[in-house]
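Keep the 3D view open while you read.

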Amino acid sequence: MIQLLGIDVTADVLAELAAQLAPTFRMACQVRPERLDVAFARDRMRNQHYSTAILQAMQPLVEPGARLLAVTSVDLYVPVLTFVFGEAQLTGSCAVVSLHRLREEFYGLPAREELMRERLVKEAVHELGHTFGLRHCDDWRCVMTSSHAVERLDVKGAEFCFLCGRVVAGARAPVLV
């Protein structure tokens, strides 16, 4: 089962994401009603939130046999990178994605809600893929290919390649957002 945990995003965004994740992973996907306060993870110098700390805070919230995906609008980072679109525990149960840099407005462009939602699905599938043990894929069309810029995210597909898809199909554990 996949559970979605909204941090500061609207219920309709989470509901649409859950509806798109369920067939991709072939398992139930539900939105959890509670919210997580991530103020503790904010780095004042960077004006960003440390995604690894958020993942650690999520761990006690995960139901047995499930995966938990948090969705936020705060800007995320890990110390060795300028930013991350998301982060996940490799073969773990938690992942987090951010809408911050998925929105066209971040780049000084007019809002494009549909594009933002498309990017969110790709990033959510990518990060959840890591929880299934997948690493970055060499197939540039696969959702598991690395995306260090939004342009790369736009080029890749929202689906797993054949090899990555086989790994996920073999795991079939619940995911919660």
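**Pocket, helices and cavity**

The residues lining the largest pocket split into seven nonpolar, nine polar and four charged. Here Ala, Val, Leu, Ile, Met, Phe, Trp, Tyr, Cys and Pro count as nonpolar, Asp, Glu, Lys and Arg as charged, and the others, Gly among them, as polar. Before going on, know that this is a predicted model, where local features need pLDDT of at least 70 and side-chain atom pairs count only at pLDDT 80 or more, while totals for chains, interfaces and linings use all residues. Residues are numbered from 1 along each chain as its sequence is written, and side-chain values use heavy atoms, with hydrogens and water left out.

About 390 Å³ of space lies in that largest pocket. Of its 20 lining residues, L81, V84, G86, H136 and H148 are the closest to the centre. The elements giving two or more residues to this lining are β7 (86-88) and α3 (113-131), and α3 has the largest share, with four residues. (Helices, H or I of at least four residues, and strands, E of at least two, are DSSP runs numbered from the N terminus.) On a 1 Å grid over the protein atoms alone, a pocket is an open set of points with protein on both sides within 12 Å along at least five of seven lines, a cavity is a set where a 1.4 Å probe fits but cannot get out, and lining residues have an atom within 4 Å of a point. A volume is the space filled by probe spheres set on the points, which are joined across faces, edges and corners.

Now follow α3 to a partner. Helix α1 (residues 11-25) packs against α3 at an angle of about 50°, with the axes 10 Å apart. That makes α1 oblique to α3, because angles under 35 degrees count as roughly parallel, over 145 as roughly antiparallel, 65 to 115 as roughly perpendicular and the rest as oblique. By class, the α1 contact with α3 has nine nonpolar, three polar and four charged residues.

So where is the cavity? V13, E16, L17, Q20, R117, L120 and V121 line the largest cavity, which holds about 30 Å³ of space. Its largest share of lining, four residues, comes from α1.

Methods:
Axes are lines fitted to C-alpha atoms, for helices over the stretch in contact, and angles run from 0 to 180 degrees between N-to-C directions.
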